[in-house]
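Subject: Structure handover

Hello,

Here is the structure I promised you. Please open it alongside this message. My notes follow below it.

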Amino acid sequence: MAELKIISWNVNGIRAVVRKGFLSWLDEEKPDILCLQEIKASENQLTEDIRKPPGYNVIWNPALRPGYSGTAIFSRLKLTKTEKKLGVKEYDDEGRTIIADFGGFMLINGYYPNGRSDLSRVSFKLRYYDEVIKKASKLVEGGRNVVLTGDFNTAHREIDLARPAQNVNNTGFLPEERAKMDELIEAGFSDTYRNFHSEPGNYSWWSYRGGARERNVGWRLDYFFVNKSFMKVVEDSYMLPLVKGSDHCPVVITLKI
């Protein structure tokens, strides 16, 4: 049996977070697998120390549009089979998904779209949820265990944001967005964090405005979901709210494999 630590973090720009001490944090935290979202850079824009940190295999999936979206996976484990596509061009062009086969489980790292303040991208976002749920469910039906992680850009329940009443008409807490989280659970996936924590006041994203982080006026937008039968190997699920460098904090699960 081995313990695996998997971390997910929306870094809101890999180059920006590197300037704020990302590599020192990586060396100190030593995750076995690190999933990043919103890298906002392509490999050729990065220095060697971030492209290939010592001890890690890295897969980058930048968006076609410069300085936008994108995902990455850093892994101490060998990356034998990976996919950078969900199979839908409009999402794949934005570098939103990496699917990696770790033998004992499949990992889907996703950067779920933001619905935008004018709600113009909500339907785009909901379709992405549909595609991920379909892909994950198909893998489980085929006998695989699945770990879903990333920035889901939705606070699922009232406990998952500081001011639910004020945000019912805002993207990130719309009824139709929250219903997609329900669909994920109905499809047989467990929100690992809520299996260990039922207390309020725990968030993974805070606006840069108005001292929101200092006042803990936040949202829980970053998650780990696993298929229910795989929940038995999840030892813990927690967040690292004291880690700065982005408007999101890292979220973590540990597995006993």
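One term before the findings: strands here are DSSP runs of E with at least two residues, numbered from the N terminus. Please keep in mind that this is a predicted model.

The cavity

About 50 Å³ of space lies in the largest cavity. Which strands supply at least two residues each of its lining? They are E12, E13 and E14. The lining includes Asp222, Tyr223 and Phe224. Ser237, Tyr238 and Met239 also belong to it, as do Val251 and Val252. Tyr193 and Arg220 complete the list.

The sheet with E13 and E14

Two of those strands, E13 and E14, sit in an open sheet of 6 strands. The order is E3-E4-E2-E1-E14-E13, and the pairing is mixed. Strand E3 (57–61) and strand E13 (234–239) have a single partner strand each, so one side of each is left without a neighbour in the sheet. Neighbouring strands are turned by 10° against each other on average, direction ignored.

At the E3 end, 5 bridges join E3 to strand E4 (residues 71–75). The two run antiparallel. Valine 58 stands opposite phenylalanine 74 in E4. Helix H2 (residues 22–29) packs on this sheet. H2 touches strand E1 (3–10), strand E2 (33–37) and E4. The direction of H2 makes about 160° with that of E1.

The sheet with E12

E12 belongs to another open sheet, in the order E5-E6-E7-E8-E12-E9. This one also has 6 strands and mixed pairing. Its edges are strand E5 (81–83) and strand E9 (189–191). Each has a single partner strand, so one side of each lacks a neighbour in the sheet. The twist averages 20° from one strand to the next.

E9 and E12 pair in the antiparallel sense, over 3 bridges. Serine 190 has valine 226 in E12 as its bridge partner.

Two helices lie on this sheet. Helix H5 (residues 122–141) lies across E5, E6, strand E7 (106–111), strand E8 (146–151), E9 and E12. H5 runs at about 180° to E7. H6 lies across E8, E9 and E12, at about 25° to E12.

Alanine 179 is found in helix H6 (residues 175–186). Is alanine 179 buried or partly exposed? Its relative accessibility is 30%. Buried would need under 20% and exposed over 50%, with partly exposed in between, so alanine 179 counts as partly exposed. The C-alpha atoms of alanine 179 and histidine 156 are separated by 8.2 Å. These residues are 23 apart along the chain.

The cores

The largest nonpolar core has 28 residues. Ile33, Ile73, Phe105, Leu107, Val147 and Leu255 touch the most other members. E1, E2, strand E6 (97–101), strand E12 (222–227), E13 and strand E14 (251–256) each supply at least two residues. E14 gives the most, with 3 residues.

Look at leucine 107 in particular. Leaving aside residues up to four places away in sequence, leucine 107 touches Ile33, Cys35, Ile73, Ile98, Ile99, Ala100, Phe102, Val147 and Thr149.

Best wishes

How values were computed: Residues are numbered from 1 along each chain as its sequence is written. This is a predicted model: local features need pLDDT of at least 70, side-chain atom pairs count only at pLDDT 80 or more; totals for chains, interfaces and linings use all residues. Side-chain values use heavy atoms; hydrogens and water are left out. Two strands pair if DSSP finds at least two bridges between them. Helices (H or I, at least four residues) and strands (E, at least two) are DSSP runs, numbered from the N terminus. Axes are lines fitted to C-alpha atoms, for helices over the stretch in contact, and angles run from 0 to 180 degrees between N-to-C directions. Contact means heavy atoms within 4.5 Å. A nonpolar core is a set of buried Ala, Val, Leu, Ile, Met, Phe, Trp, Tyr and Cys residues joined through side-chain atoms within 4.5 Å. Buried means under 20% relative accessible area, exposed over 50%, partly exposed in between (1.4 Å probe, protein chains only). On a 1 Å grid over the protein atoms alone, a cavity is a set of points where a 1.4 Å probe fits but cannot get out, and a pocket is an open set with protein on both sides within 12 Å along at least five of seven lines; lining residues have an atom within 4 Å of a point. Grid points are joined across faces, edges and corners, and a volume is the space filled by probe spheres set on the points.
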